[in-house]
Amino acid sequence: MNMVTLIQKKKDGQELSREEIQWIIDGYVAGEIPDYQVSALLMAIYFQGLSKEETVELTQAMRYSGDTIDLSPINGIKVDKHSTGGVGDKTTLVVAPLASACGVPIAKMSGRGLGFTGGTVDKMESIPGFRTALEPSEFLNQVNEIGMAVIGQTAHITPADKKLYALRDVTATVDNFGLIASSIMSKKLAAGSDAIVLDVKVGDGAFMENPEDAVTLASLMVEIGNSAGRRTVAAITEMGQPLGKAVGNSLEVIEAIETLKGRGPADITELALKLSGIMVYLGGKAASPEEGMEKTRAALEDGSGLTQLRRFIGAQGGNPAVVDDYSLFPQHTVEKELRAESSGYVSRIEARCIGLASQHTGAGRATKEDAVDLSAGVYVHKKVGDAVEAGDMLATFYGNDEGKVEAAVREASKAFVIGSQPVEAPKLIKEIIGL
Ligand code: URA
């Protein structure tokens, strides 16, 4: 095969075969096909698109480009959950203990945050002592013993996606349905769970800014998952404003704990119950998603979800006392506030702006190599639909560097739009695909 011919073929709008896609991925990972040729191919894909068959083949080629995880030593139907990323999204920290408390084994790999979005691994590392790198045998044993484990992605999973994603990032070819779907699903399939629940975010704080695009992406990922023999369901959920009120690593863990204590914000509680209910159903522990949700609601109300979080933190070397004493988390030394200049109703909170503000406090990273301040972040006091009086607190900003926290306040001051008319809070769960 010849790369120039294959670029030409895609440029002319023809479909690439399974063998051709496999040859490209193998050659790229082996360093035999240079970045400049793959860049040209990506741009041809960007303009011509990938068919469903090509997307499935690309997913499979990337899935097997490195190690895959064998979860068969874990008893039961393993269910994974994945969010396409957003601002204030601490759902995993609530959903995993709830589903696990209902008997669904959770063996999950999570990522770190980049840019204006956060990542579960950074959040968990704000718990003193918590280890996100476990040996494979430790990981499997922990799930068998206590029902859940969450670790950082290992270096050897889907190397093709790592290389391709880095190249897409610098060639303006990230935003293509087939490329996004194959990137996400190759990692999910390599991670080995039997069923997958996808949380596809839509809105200004998400990859997909309009609902039609989110549905297209979600449907494609559901098809890829099901065609690989993994039962896959996707929820399309709101990310026009931050999820919950806390944005930043330890702040979000505290909010997740509060949610498991039954005192969390309404949106994160609703989303966590819905997603974990679907997981309990897919995990064979309920006859319907509705019954699954009744079970996870009971696990929230009787405290078994919180107990599960405590056990999980302890099993991974963290101090479980953080659940009852938030002063054990890393502490900030700088605190600033943003107050409303006029009275009315909050009609918009731009999630992306709040995510960027959180990044400015030190909670997020601009490049993969940056360190994060685990105590830093933003707490949003008002949400869309809330009434405000001039002078009311809109948000508080935390960190350890005056200049950074001030930059965050400046960024976030653009995020709040206050109107004179009452506004309804946006619908959180817009659609479920694949149930
Ligand atoms: N997340 C991924 O893992 N890959 C993409 O292409 C986009 C979002």
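In this predicted model, helix H2 (residues 18-29) packs against helix H4 (residues 52-63) at an angle of about 35°, and the two axes sit 9 Å apart. The crossing of H2 with H4 is right-handed. On the H2 side, the residues that meet H4 are Arg18, Ile21, Gln22 and Ile25, and their partners in H4 are Glu54, Glu57, Leu58, Ala61 and Met62. Sorted by class, that contact holds five nonpolar residues, one polar residue and three charged ones.

Next up is the pairing of H5 with H12. Helix H5 covers residues 92-101 and helix H12 covers residues 266-282; their axes are 9 Å apart and the packing angle is about 40°. H5 brings Val94, Val95, Leu98 and Ala99 to the contact, while H12 supplies Ala272, Leu273, Leu275, Ser276, Met279 and Val280. The class tally for H5 with H12 comes to nine nonpolar residues and one polar residue, with no charged residues.

Then there is the pair H8 and H9. Helix H8 (residues 159-169) and helix H9 (residues 177-190) have axes that come within 11 Å and cross at roughly 150°. Since angles over 145 degrees count as roughly antiparallel, H8 is therefore roughly antiparallel to H9. The crossing here is left-handed. Asp161, Tyr165 and Arg168 are the H8 residues in the contact, and they meet Leu179, Ile180, Ser183, Ser186 and Lys187 of H9. By class, the contact of H8 with H9 splits into three nonpolar, two polar and three charged residues.

Several of these residues turn up again at the ligand. Around the ligand are Tyr165, Arg168, Ile180, Ser183, Ile184, Lys187 and Phe207. Among them, Tyr165 and Arg168 also belong to the H8 side of the H8 and H9 contact, and Ile180, Ser183 and Lys187 to the H9 side.

As for polar atoms, arginine 168 places a polar side-chain atom 2.9 Å from an oxygen atom of the ligand. Lysine 187 also faces a ligand oxygen atom, with a polar side-chain atom 2.5 Å away from it.

Methods. Residues numbered from 1 in each chain as written. Predicted model: local features only at pLDDT ≥ 70, side-chain atom pairs only at ≥ 80, totals over all residues. Heavy atoms only, no water. Axes fitted to C-alpha atoms, helices over the stretch in contact; angles between N-to-C directions. Helix = DSSP H or I, 4+ residues; strand = E, 2+ residues; numbered from the N terminus. Contact = heavy atoms within 4.5 Å. Nonpolar A, V, L, I, M, F, W, Y, C, P; charged D, E, K, R; others polar. Near = heavy atom within 4 Å. Polar contact = N/O pair within 3.5 Å; in protein donor to acceptor, adjacent residues only side chain to side chain. Parallel < 35°, antiparallel > 145°, perpendicular 65-115°, else oblique. Left-handed = near helix turned anticlockwise from the far one by under 90°.
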